[in-house]
Amino acid sequence: MSQLLEVNEATMRFGGLVALNAVSFSIGRGEVLAVIGPNGAGKSTLFNVVTGVYRPTSGHVRFDGIEITGHPSHQVVARGVGRTFQTSRLFSDLSVLDNVIIGMHTRTKTGVLGALFLPGASRREMAACVEKAELLLKASSGELFEQRHRPAGTLAQADRRRLEIARALASEPKLLLLDEPSVGMDEVETDALIADIRRLRTERPELSVILIEHDMRVVEAFPDHVMCVDYGSKIAEGDFATVKSDPRVQEAYLGKAAVHA
Amino acid sequence: MSTHTSAELPGLGQAAFVAVSIQLLSAAFLYLILKAEGGWQVIGLLALLGAGFYLIEKRPQIADVVTASFSRVPVVALITAVAVVLLFPFAVGNNTYVLHLLIVAQLYAVLALALNFQLGSANIPNFATGASYGIGAYVSALLAINFGLSFWLTLPAAAIAATLFGFLIGIPSMRTRDTYLALVTIAFGVVVQQLLNNFTWTGGPNGLVGIPAPSLFGHSFASPLVVFGWKLPSQANFYYLSALLVVVAIITAHRLHSSRIGLAWNALRADEIAARAQGINVAWFKVLAFAVDAFLAAFAGTIYAFYVSYISPDNFTFLVSVTIMTMVIVGGMDNIFGVIVGAFLLTILPEKLRAFSDYRLLFFGIVIIAFLMIRPQGLFPQRIRSYGESR
Amino acid sequence: MLELREVDTAYGPVPMLRGLSIKVQPGELVCLLGPNGAGKTTTFMTVCGVVRALRGKVDVMGRDMASLGTENLAALGVGLVPEGRRLFPSLTVQENLRLGYDAVSGRGPDFQPQLDKMCDLFPRIRERLRQAAGTLSGGEQAMVALARALIGEPKLVIMDEPSLGLSPKLIDEYFEITSEVHRRGTTILLIEQNAEMGLGIADRGYVLVKGRVAQEGPARELLSSKAAKSLYL
Amino acid sequence: MAELFVQQLVNWVTLGCIYALLAIGFSLIFGVLNVIHFSHGDVAMTSPFIALAAAQALAIAIGVSGPVWLTVATCIAVFAVGLIGVILDKVVIRRFRDAPAMMALVATVALGIVIRELIRHLYPQGSNPHAFPRLASGVALEIAGVQVGWFTLLVVSLTLVLVVLLFAFLRLTPLGLRIRAASEDRIVARMMGIRDTRVFRATFFVASAIGAIAGLLFASYAGVTRFDFGVMAGLLGFSAAVIGGLGSMPGAILGGLIIAGIEVLAQTFVPDGASYRLVFVFLLVIGVLLFRPEGLLGRPVMVKV
């Protein structure tokens, strides 16, 4: 069976710095892959290579059977890759609802001429977007839905994260990339996040998710497929228990002495 | 930024009353300031305006009630607006100077709305709107003078030419940003203005003279307009024409703003990288903003050329572009109503400050700086989209 | 020498610190540990006065940071090593060090002897003095950043993730120097992700989770308690 | 042919030096504050007026005139313009440091209007052009049959001296070091005990004073000064700074020479080139920015994801 995303020997160099060193991995439909590794290990670079923000120095990215290496981001999104950012990047001066509707950009098609001369069609398109966006928000959290007319910049942290995920889902992705969704959350919020991702998995069994995480509680919740990178290279892969007990992983996180202590 | 609170909806009658009286008051204010002579009258009226804004700032509920009223009785508001615009020249009477001011203000309102697509919606600098305006004016004037083309045919031709120019100056926006992009647009503006100034077929610094007045159904726009026995000066023709253009510009702005195009522009204004991650082709939408800006500006240019029947490169300088930019910033970025108010205010004010004879430009400069320091969000800040909240 | 009491800070609407309290006594080497996103760099920026506390009190060298600007810290004898070194890339190494020296000792006369001292402490720096700091390797930059903080002989040094991006060998070297500086009497607050290295040289430690202290105690205890381990894996 | 060539070379060097001095101010201010001070050209062009006024005042007050006292008057002007720069920074420009680039740009354009209008109103008959004396006259030497005036030598040597002094100031003095540090990383500069306000004050003084010298030379070159010369001086100086790469001193000098070069080339080789010179200059600006958006010697801007 063909995988949804296959990354083959992806290498990314910035000047002399090797941010990614021949990393290969793949993820199938409906799977969750957790990527762990110390700070600066190259995890975010990996996302940027997959989503076309960077063109890898060498290596290939295949998505849904098509080579997408170096395709511009907006085309990658249109093919079905949604993402969130480590530092939440909402459109903070727009309403919550607008944020989600912008997420549907690749699923709508009115152009300038259409907007000007077929206002009815444009209005219907927007109305459909509003309806869909409201459903998405309702599904995400009633609290967020209630705040849908507020500027996104005024939301609390947990709601921001939910909104970012809802916005990514609005593009009807086949693959969702979450970059450290638990940053800045306390325990309660983190639990809610885990619940959110679980719910997402039952609602959309076909959706694949790649998760960059530092909070091991989140990783533990999705333990089947974990990959650890350090210094730009993949150093371990497998289920969480295997990766966790891998001496190289322990070393990467804790240093040599602690592992043998 | 206003957050949405639709707690208490005004009753129909109350809403209609508020909407109608607000519009009549605004029209009266406009009338007074247009008619004002002598500096103290102008200053008094400005103080009144300032007090109004202070009140709205202190009590935001007032603004909420007003907007709620307008959206409650849109038809009543629309009819009042149309009536005010149609009847205004009758109130002004034979004062051609006031009519002239109104025409210029309306053309600037169109220019400001054009620039607003870029500066307001997408936050892309453009110091070349004056050049697009000039290209519109020159293309239509040349076609009319040299080929005898009618005004109504030069209008689309000028728009197409300017749009192509818009695409051209938009291309660098894919690679440059902020300050650097601003300089590219300044450079384009200077190049266009200098070329108009130097080519012989554009009349060089002397410009083009003798642009024929348009006519419609046998009625020449150079002759007085007679309605039900009322005789209005010939300027009234252009007043109604430019008013019509403002309406077209508003509809264009509104339709784009409320479509996915406007949202995409807003998205790349807020965060370009996040916009790209939503599948927005950022480069294309930037170029598009330039093209739409130039397209609308060309219409204003054409009407201007046929109105004054004489154009020269001096009408389309860097300073004109800066003025348009200031109108958008002072009125309120990405707020259609605000931008129009900004255009009217900044067209009429310097004229009225002739009362201070020579000091008006100085005053103008100081007002702009003070404005940017005290109220950088503009008179009417952008609003959150509402999507027919009655549901 | 340094105390945070019940400090809250936020980046815009994102809360970063939630009632954080830590304390560094004169002569101590205190390690503040935590995973990514726990609020380590925010703590550093709050101590420096770059980020203002929304609630609570930040005292550095007996002064309240609420009224003390960042630019006044150095003169009180505080050396700072920000995250990612942040050298001035087009300035030479010597110029970077000069700024660090002037900052703490107010353009005193002893720059040259101090410079020699730093070159003895970090032998790699010596032949790089005239080179633009931006052209150095990551390891060398880390050393210069530390030297820049130390050269004015500050009483308190605050370091934010100095080991980030260094190779294991360099990390060892780096922490050895840090430990040495501490032994000579400098108070140090070391903000680190690397638990073993950080706690290995520290007197006391705090474990920072989600913007507040989850655990604190003598470094040895923390290291053996498995608490640090469970924090990451 | 050789004569023409040398003559144009002389023109190019003279003009290039003046533009370079203007560009340095733009670049310096941008480097430190990250703000485009669009009215820098207008600030610079106040200096001929202040010099004229100072010369007159000297003549009336102590009854002295002549070349020596003209020199004193120009020195007064340079110093005064430096102070004007500091005041403008404090009152207006600094407030736009953290505002969107667009706001700062429009505000300083408006500031330019204010400065020009102030000259017009405060200076007697300010709307009219005023003759400005050559700061040096006479023929200094002859190259290939072309007479090179003392003025050209003055411009070139003054530029060289100023550039050397500026470099020495930035490289060798503690204040220069602080300015360079603050322009690279403001937050860390503060951690190093560097006070923003002092750095800004020094930067504006130096940039405006150098601009003032450029303004004096420009007026002297043209033989005349007018209240609105600042617009073009500003546009050309800004363009030179951007072509060279904002924030880079060698870039500013290079940009000034390139812009002057295009102007001179257009005037020499293109029929009617004198009237098209600005077209060529700004087409070049567009071209450079298209292919090297960060300017010729600027550092590329990395967008962090």
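Student: In which helix is the place of Thr159(D)?

Tutor: Thr159(D) belongs to helix H5 (residues 150-172) of chain D, where helices (H or I, at least four residues) and strands (E, at least two) are DSSP runs numbered from the N terminus. This is a predicted model, in which local features need pLDDT of at least 70 and side-chain atom pairs count only at pLDDT 80 or more, while totals for chains, interfaces and linings use all residues. Residues are numbered from 1 along each chain as its sequence is written, chains are lettered from A and ligands numbered from 1 in the order in which they are written, and side-chain values use heavy atoms, with hydrogens and water left out.

Student: Why is Thr159(D) called buried?

Tutor: Its relative accessible area is 7%, and buried means under 20% (exposed is over 50%, partly exposed in between; 1.4 Å probe, protein chains only). Thr159(D) is therefore buried. Leaving aside neighbours within four places in sequence, Thr159(D) is in contact (heavy atoms within 4.5 Å) with Cys17(D) and Leu21(D).

Student: What makes Leu2(C) count as buried?

Tutor: Leu2(C) has 1% relative accessibility, so the residue counts as buried. Leu2(C) lies in strand S1 (residues 2-11) of chain C. Beyond its neighbours within four places in sequence, its contacts include Ile22(C), Val47(C), Leu156(C) and Leu189(C).

Student: How many aromatic pairs does the structure hold over all chains?

Tutor: There are 30 aromatic pairs over all chains. Rings of Phe, Tyr and Trp (its six-membered ring) pair if their centres lie within 6.5 Å; planes under 30 degrees apart count as stacked, over 60 as edge-to-face and the rest as tilted.

Student: Why is the pair of Phe26(D) and Phe238(D) called tilted?

Tutor: The ring centres of Phe26(D) and Phe238(D) are 5.6 Å apart and the planes stand at 40°, so the pair is tilted. Phe26(D) lies in helix H1 (residues 2-33) of chain D and Phe238(D) in helix H9 (residues 229-244) of chain D, so the pair ties together parts that are 212 residues apart in sequence. Both Phe26(D) and Phe238(D) are buried.

Student: What makes the pair of Phe49(D) and Tyr123(D) edge-to-face?

Tutor: The planes of Phe49(D) and Tyr123(D) are at 70° and the ring centres 5.1 Å apart, so this pair is edge-to-face. Phe49(D) is in helix H2 (residues 40-62) of chain D and Tyr123(D) in the loop between helix H4 (101-122) and strand S1 (130-131) of chain D, so parts 74 residues apart in sequence are tied together by the pair. Phe49(D) and Tyr123(D) are buried.

Student: How do you know that the charged end of Arg98(C) sits over the ring of Phe111(C)?

Tutor: A charge sits over a ring if NZ of Lys or CZ of Arg is within 6 Å of the ring centre and within 35 degrees of the ring normal. The charged end of Arg98(C) sits over the ring of Phe111(C), 4.5 Å from its centre. In chain A, the charged end of Arg89(A) sits over the ring of Phe85(A), 5.4 Å from its centre.

Student: What is the reach of helix H4 of chain B, and what is expected?

Tutor: Helix H4 (residues 74-92) of chain B has 19 residues and reaches 27 Å from its first C-alpha to its last, close to the 27 Å expected. The expected span is 1.5 Å times one less than the number of residues.

Student: Where does H4(B) bend?

Tutor: H4(B) bends by about 35° at Leu86(B), and Pro89(B) follows within four residues. The bend is the angle between axes fitted to the seven residues ending at a residue and the seven starting there.
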